[in-house]
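Trainee: I'm new to this one. Could you take me through a close look at the side-chain contacts, and tell me which residues they join and how buried those residues are?

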Amino acid sequence: MEIFSKLLSKTDSTVRLAIPTSAQPHFHNFVGRDLPVIDWTGQEWSFRFSIRRGGHPKPVFIGDWAKFARAKGLQLNDRLIFTLEDGTYRIEVSRKTHMKLFGQNLWIHVDNA
């Protein structure tokens with residue numbers, strides 16, 4: 001089940017991942033705690049779910065997020081898909097290529113970009 005998907009901002013691709021507010025109920029049991037997440041290679045990461053304080057409270061992933069972003073070489077406008085499958089949180093990130101198929105851009109995993 002897809003929880004959310006988004007195109008990454010510059011901050012998402014380097015510092016922290018801003019989570020759409022609509023996805024927040026899926027993580028309410030993890031506020032201030034680490035959430036184990038499996039990437040497309042099978043590697044596990046610990047993303048800390050937090051809610052920013054101040055003018056505009058917004059849910060974010062911190063913790064291993066910056067390490068994950070560096071390891072995967074995330075960039076502005078990469079496409080992230082976050083899912084829950086059989087009780088396991090999973091993440092995939094792909095990048096738009098210059099190749100087209102039937103007039104549509106092809107997306108490939110960032111590890112292959």
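Mentor: Let's start with D34, which comes out as partly exposed at 37% relative accessibility. Keep in mind that we're looking at a predicted model. The side chain of D34 meets that of R48 in a salt bridge, 3.0 Å from N to O. Since R48 sits in strand β4 and D34 in strand β3 (residues 34–38), this contact ties together parts that are 14 residues apart in sequence. R48 is partly exposed as well, because its relative accessible area of 33% falls between the 20% and 50% cut-offs.

That's one of the 5 salt bridges found in the whole structure. Another one joins D12 and K6, whose closest N and O atoms are 2.7 Å apart.

Now have a look at K72, which pairs with D39 in a salt bridge, with 3.1 Å between the closest N and O atoms. This one reaches across the chain: K72 is in helix α1 and D39 is in the loop between β3 and β4, 33 residues apart. Both K72 and D39 are buried. K72 also lies over the face of W40, 4.7 Å from the ring centre.

W40 brings us to the rings. It belongs to one aromatic cluster together with F4, F27, F30, W45, F47, F49, F61, W65, F68, F82 and Y89. In total, the structure holds 15 aromatic pairs. Take W45 and F68: their ring centres are 5.1 Å apart and their planes stand at 80 degrees, so this pair is edge-to-face. W45 comes from strand β4 (residues 44–51) and F68 from helix α1 (residues 65–72), so the pair links distant parts of the chain, 23 residues apart. Both W45 and F68 are buried.

F47 and W65 make an edge-to-face pair too, at 5.2 Å centre to centre with 70 degrees between the planes. F47 lies in strand β4 and W65 in helix α1, so here the pair ties together parts 18 residues apart in sequence. F47 and W65 are both buried.

Key: Residues are numbered from 1 along each chain as its sequence is written. Side-chain values use heavy atoms; hydrogens and water are left out. Rings of Phe, Tyr and Trp (its six-membered ring) pair if their centres lie within 6.5 Å; planes under 30 degrees apart count as stacked, over 60 as edge-to-face and the rest as tilted. Helices (H or I, at least four residues) and strands (E, at least two) are DSSP runs, numbered from the N terminus. Buried means under 20% relative accessible area, exposed over 50%, partly exposed in between (1.4 Å probe, protein chains only). A charge sits over a ring if NZ of Lys or CZ of Arg is within 6 Å of the ring centre and within 35 degrees of the ring normal. A salt bridge is a side-chain nitrogen of Lys or Arg within 4 Å of a carboxyl oxygen of Asp or Glu.
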